[in-house]
Structures are given as C-alpha cells and as structure tokens.
Amino acid sequence: MKNPFMVGALFVSMLTASCSSTMTEEIDSLKGNETANLTFSVLGDEFQSSFTRADASEVLKKLDLALFTEKDGVYTPFASAQSEVSDENFGTFSISNVPYGTYTVVSIGNASNSGGHADLTNPLQISFEDGVIPVTYYVCQTITVNASVDNIVLTLKPAVATFKLAMNGAVPSNASKLRFEVQNISNYFNAITGLASVDKIGDWSTDISFPASYIGQQGKTARINMFLSAEDLSTNSDVNIKATAFTAENDVIVSYDLVNVPLRRGFVTTYTGNFFQNDAQGFEIVVDNTWGELTGSY
C-alpha cells in the first residue's frame, strides 16, 4: 500500500451518454475545431505537501476524472477515466484530441479499499457504490482549452466530514453490528457547490458489522463520512446522529441519541467514552490543526 506516486499517461475512454438533441449538437459542433492533448496532474504539490509520497498512497486508493460541457446548468459528459493506486500512472490522466472550448473538470479521489469508483455521470449528484461514503477528496474547476494549454495541475481538497466513535471498554460477546442513523444528510455530492446534493437530502443510515476480532477488545473505533449541506464551510454544521449496537437477533444492546454533533468538512469529530457501559459524560471539543481533528467525550 505504500507505493510511490509516479507520473505517466493513462488511456481514457470516451463516455457514451444519452443527452438532449441540443447538447448533442453542441458536442458535434466542437468536432470541427482545433484540438489539444491535455495532461491532468491530479495530485498537485499543495495536496502532496500534507503527506509524503508513500503516505499519499495510504490516503487515496482510487481516482476518477471527468470532463463536462455545460449549457443552461446542464452538464454533459465529454470524457472520463479511472485509476487505482496499484496503477503505474496513478495521479496523472492524459486526454487526447480535446476540441478547443470551455469545460468543467471534476476529479474525485477516495480512500476505499473495497468500494467502487465514484459515479461521475453527473457532477451535481456524485455517488459511490452501495451508497457508502469513503474518505473523499475532490476538485472542480473550469478550464479553457486552447493552443497554450497542455498540462493542468488539479489540487484535491476534502469533500467529507468524518464522525468517529471511539469505544472505551470491551466489546461484549453478543455485539453483532453498530448502526448509525443521521438526520438531514445526503450520500450524494455536488462538486459544483462542494456540498451535499440538496435534492437528495434526507434521513440516512448505515450498519457496520463488528468483526470477530473486536469481541472482548477495548478501544475499538467505528467511523462514517458525510457530505455536509452547510453553506458556510468555515463553521461547524451540527448534525443529529443515533448510534445503536445490536445483537445478531437485532436486539438493542445500547443506543445513544447524539444531538447537535459538530461536524466540519475536512475534520474528524471523535466521540470517546464507555459506550457499552452506557456511561454518558458531557461533550467538549478540542481542535487539532495538524490534521483538522476534533476530539471530545460523551
């Protein structure tokens, strides 16, 4: 997993997408124009400065990139590509014969070992396989393709806020799964706004199984990632989270209603406490500027 990032070329397949006749004509009209060969360096220096090149391979496992044309708020895919950390050319995409014009480029990087790539069909509603949100980074910007454009550096930035539950005390032998239920959240991301897709916001839940190796162990953690809908990303976005542990027969072992959990994009909010002993303590926040981590106790 600690492979260094290397620069190279990556074959890009063109997307076939259904679109309105107006958008089809717009794409067709570009074909007669002059074209450029573009190289996109997704892992720019600003992103890399937070990690060593080896560490970066621990942060990102998959990268996706797509080019879109836009008219009247409708985005039509022009080209897309995928890459994984095991690929020799991870971090660089090459797209040939791009007609001169204006495009929106979106790239998504995620840290999932087992999940799929991002669905970049629509930059307003980006999702992941099975609705599970991995640690995600993104970049979205408008580019103008002409004779002077060839290499474009894209700097990824955090797309999610993370909630982590740190469970002091031993995990009981009858614990089977942990369920997180979140109100007014979305598992779809709008890369244009950098926020959750507003038309996909609702109540959301996910189950996390306790591995057999967790039983009887102390200090185990579980986490979920969320796209926030707050307009002011410099402040916290308070979210209500219900955390419930179940037996294999779906009997409740313990349940907490965590109200007004302070979340912030690019930060980890950690609740630490004796979860299975139902030992509620107040909650306080400490901000770690080194890696944007919020820690506290319940």
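1. Two strands are counted as paired if DSSP finds at least two bridges between them. The pairings below are read from a predicted model.

2. Strand β1, residues 35-41, has two partners to consider. With β7 (residues 151-153) β1 runs parallel, and 3 bridges join them; within this pairing, Phe40 has Ile152 of β7 as its bridge partner. With β4 (residues 92-99) the sense is antiparallel, over 6 bridges, and Ala36 stands opposite Val98 there.

3. An open sheet of 5 strands is also present, in the order β3-β2-β5-β6-β8 and with antiparallel pairing. Its edge strands, β3 and β8 (157-158), each pair on one side only. Inside that order, β5 and β6 are joined in the antiparallel sense over 10 bridges; Gly101 has Val145 in β6 as its bridge partner.

4. The largest nonpolar core has 29 residues, of which Leu38, Phe40, Leu60, Leu67, Ile143 and Leu156 touch the most other members. At least two residues of this core come from each of β1, β2 (62-71), β3 (74-84), β4, β5 (101-110) and β6 (136-145). The largest share, 4 residues, is supplied by β6.

5. Which residues is Leu38 in contact with, leaving aside its neighbours within four places in sequence? The list is Phe93, Ser94, Ile95, Val98, Ile143, Val145, Val149, Asp150 and Ile152.

6. Another core, of 28 residues, lies apart from the largest one; Phe163, Met167, Ala243 and Val261 are among its members.

Note on methods:
Residues numbered from 1 in each chain as written. Predicted model: local features only at pLDDT ≥ 70, side-chain atom pairs only at ≥ 80, totals over all residues. Heavy atoms only, no water. Core = buried A, V, L, I, M, F, W, Y, C linked by side-chain atoms within 4.5 Å. Buried < 20%, exposed > 50% of the residue type's maximum accessible area, 1.4 Å probe, protein only. Contact = heavy atoms within 4.5 Å.
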